[in-house]
Structures are given as structure tokens and as C-alpha cells.
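Subject: Structure handover

Hello,

Please find the structure below, followed by my notes on what turned up in it.

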Amino acid sequence: MPAPDPDATAPLLAGFDESTMLTRGDLPGALITVFDTDLRLILAAGHALGRKAGSPIYREGRSLADAFPAELWRQIEPLCRSALQGDTRSRRIHTADGRQRLVIDVGPLASTTAIPATITSGVAVILDVSEHQPSDPPEGHPRERFEEVFQRAPIGTGLLDQDGCWVLVNQALCDITGYTAHELIRKRFRDITHPADVNNDAGRRLQLLDGEISAYQTEKRYFNAAGETMSALLSISLVRDHDGQPLHFIVQVQDISERKHLEEHLRHLADHDPLTGLRNRRLFEHDLKLQIGRCQRYDEQAALIAIDLDGFKQVNDLHGHKVGDEALKAVSRMLTRRLRATDLVARLGGDEFAVLLPHMDPEGAEIVTEDLMRVIATCTVDTGTTVVHLDASAGFALLHRLTRDDESALVEADRAMYAAKRARRASALHTP
């Protein structure tokens, strides 16, 4: 990831001189705070709004209520509490005399290490858009305050113009995307967004511009500077001028790639057998129900094969469970290689397997069933002292528009499989 450019912020703020800010209300008197569930400060960047010159940046542990006059805090507190409930909101508030007007954007921050993710804190971006600044303003040029606010913000934050180009970015946003501030400025967000996600929030964006909603959240995949696909949670609100016309989108970006990978891994574990990687019974029964639904509605034909390994208990008893596990994995690999990409294979438990064959007639189902028994017989496991040979019995049930449900289909396939097993045993007894 490229190292941050320490001088990058200055040219970004060049257009935000004091006279421009006072007339356009872009970002004067900005304050970013992160607060815990007790509404106490975890981190604050920017001078305290409404405080006299020389006031320090708020210290960790101080109550957020101390930052504002009681009149304003009564309006801000419900927004902050809503953020702790998972809401993202944007609102304009003001004192009764109209002398101080603020735009406040709040949103939740969740712990991505907890499963499921839990909200541990909130973030508030507060902009003073008063027509007249306090008579005793804080020390320091506004540019310095902006630099401090954006560079120290704990999450990626920036402004997008109406064309979707970044006009102001902070260091956290650069860290997330891997671009320097110079590289991001005047680059459109869609330029680094996955094509499938470019317009996934188009409807809500129009609602935001029309004033129907004050803010919204969306997920997008984007490409970082290294060309890798990442996942981000975006909180988007809108800054308007005194006439209510849109000026900039305020975008807060959280990288949720790790959380997404973990969620996908957990979904895989929930739906697949941990030993073989095949579908487990829960997912297979779900797929079977869908197939039966298609058979009933569209008069499709399919087949369900039940497979049981012969003598598998003896394999475990004689050679141990490790050899038994290797045998199950060998059968799983063989089934996966032997079948079509559209066929679904599952380990239902123990030494029981099942195969769902979409678009299959009776003759084809019989051929596939016999072929699977034949190739399972070629599976072997080398224990180091001997080679274990495997064998299996299999039977199938046809799925059609008269098939009642998944349970009856599994029972019918099991009956066919046990009939085949009995026939094999009887044949072996009569073989000289």
C-alpha cells in the first residue's frame, strides 16, 4: 500500500478559504467524534464547536454532552443513540435564535471480530453551517482545522461532488483504498468500483437528492490501488447550501472485506461437510426441495441416488478412524470428478452419500448409478501396511411432477439402495 503523502491535504483545501466557506457553508467548524455506548468520547478531531478559543480537543472518556449547549444537545442526543442502534442519519439542527446551525451525520461502528458483528460505538461528523461564525472563533486557520479533522478521523471520510469525484479525502480513506490523496482527488468513485456494484444504490441516491431520505447505507465492492477486490460499507449523506441545493455527498467508508470473508467461511461451514467439503444434509435437502418444486411446476425429470459404503464399519474397526476418514475423502473426490458440473453431491452422514441428477430420465439414472458403484470399487486407501479396497451399494428414485416431497424421495432412494445391497449380498452367497 502506498505511503501517505503528508503534503496531500494542503492542495485539497486550497479552494476552501474562509470567505468561500462562510458563503457556501461547505465545511466550517467541523468536528468528528467517536463515542461509546455511554455517549462518552473515544476520539475527537477538530476544535470543539461552540467553545472559546484555546479549548483543547476533547479528551477520551469525557461526556459528549459537554461539547454542546443544552439546547443543541437535546437535539443531538437522540441521533447519537440511534447510531448505537444501527441507524445512519443526517439532520440539520439549530438554536432557537438561529445563530448556530449544524449539519450532523451519525452512524454505527461495528466490531468486525465478533460474529455476528456487534455495534460497539458510533461516529458523528458535525459541520457548523451558521451564516455567521462565533465572534470569538477558535485559534488557527480553518484549513488547519480541516486537516486535523480529516487526517485524524478513524474511518475513511470524504466529499464527493455531484459528478461523483472526490474533492476532499482523509488519511483513513487513503489507507483503505491504497491510493494517495493526490491520486484520489478528481478520480470518480465509480472508477474504482466493481462494475456490478456501480449503480446498486442508484434509487436511494435519487431519494437522497430529492430529500425523501436524509442518509443511507450501502455495500459496494471496489478495486484498491493493488487491483484487489475489496468490500466496503458506505454511509452516505448530503450537504446542501442555504437554499437547499445539493453541494456534496459526505461518504464514510469502512473496509468490511475481512468480515465478508469470514461470513462466507461461516456460511460454507454451515452448509458443507467439514471432512469432505461436500454439501451436508441441510443444504442438500434444501436443493432437493427446489428440484422437486421445479418438477411439479415445470414437469421436469430428475433422479436422486442414495449411496452407502459396504463394510465401512469394519474399515474403521480394523484400521482406525483416520483410515476411515481418508476413505470417505477418496469417495468424495471420485464422485465430484465423475459427475457433471450441474449434479449435486452430498455426504448425508457417516458413510451415506447422495447425488441429485437434474434433467435425468430413468435409463440415464440407471447407467449413472451402476457407473458410480463401479468406480467406487476402484477407490483404495494405502494404510502403510496394506491397501484397503472400498465397495458401495446404490439405488435411485425418479423425481417427477407426482413426487410428493423431499422426505418421500429420500425414503424411496434408500429403499432402492438397500434392495441393491441385499441383492449384492445374495449374489455373493451364491457365488462359488
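**Overview**

Of the 432 residues of the protein, 48% count as buried (buried is under 20% relative accessible area, exposed is over 50%, and partly exposed is in between, with a 1.4 Å probe and protein chains only). This is a predicted model, in which local features need pLDDT of at least 70 and side-chain atom pairs count only at pLDDT 80 or more, while totals for chains, interfaces and linings use all residues. Residues are numbered from 1 along each chain as its sequence is written, and side-chain values use heavy atoms, with hydrogens and water left out.

The protein has 13 helices and 16 strands (DSSP runs numbered from the N terminus: helices are H or I with at least four residues, strands are E with at least two). Its accessible surface comes to about 21,600 Å², and 49% of that belongs to carbon and sulfur atoms (Shrake-Rupley method, 1.4 Å probe; for residues, only the protein chains shown count as cover). Taking contacts between residues at least 6 apart in sequence, 57% join residues at least 24 apart (contact means heavy atoms within 4.5 Å).

**Cores**

The largest nonpolar core has 31 residues, and I307 and L372 have the most contacts inside it (a core is a set of buried Ala, Val, Leu, Ile, Met, Phe, Trp, Tyr and Cys residues joined through side-chain atoms within 4.5 Å). At least two residues of this core come from each of strand 11 (302–309), helix 10 (312–319), helix 11 (321–338), strand 13 (352–358), helix 12 and strand 16 (392–399). A second, separate core of 23 residues includes L184, Y222, A232 and V251.

**Individual residues**

E370 lies in helix 12 (residues 362–376) and counts as partly exposed, because its relative accessibility is 40%. The C-alpha atoms of E370 and A394 are 7.7 Å apart in space, and the two residues are 24 apart in sequence.

D287 is in helix 9 (residues 281–298) and counts as buried, because its relative accessibility is 11%. The side chains of D287 and R279 are joined by a polar contact of 2.6 Å (a pair of N or O atoms within 3.5 Å; within protein, one must be able to donate a hydrogen and the other to accept it, and residues adjacent in sequence count only if both atoms are side-chain atoms). Leaving aside neighbours within four places in sequence, D287 is in contact with R279, L344 and L356.

Regards
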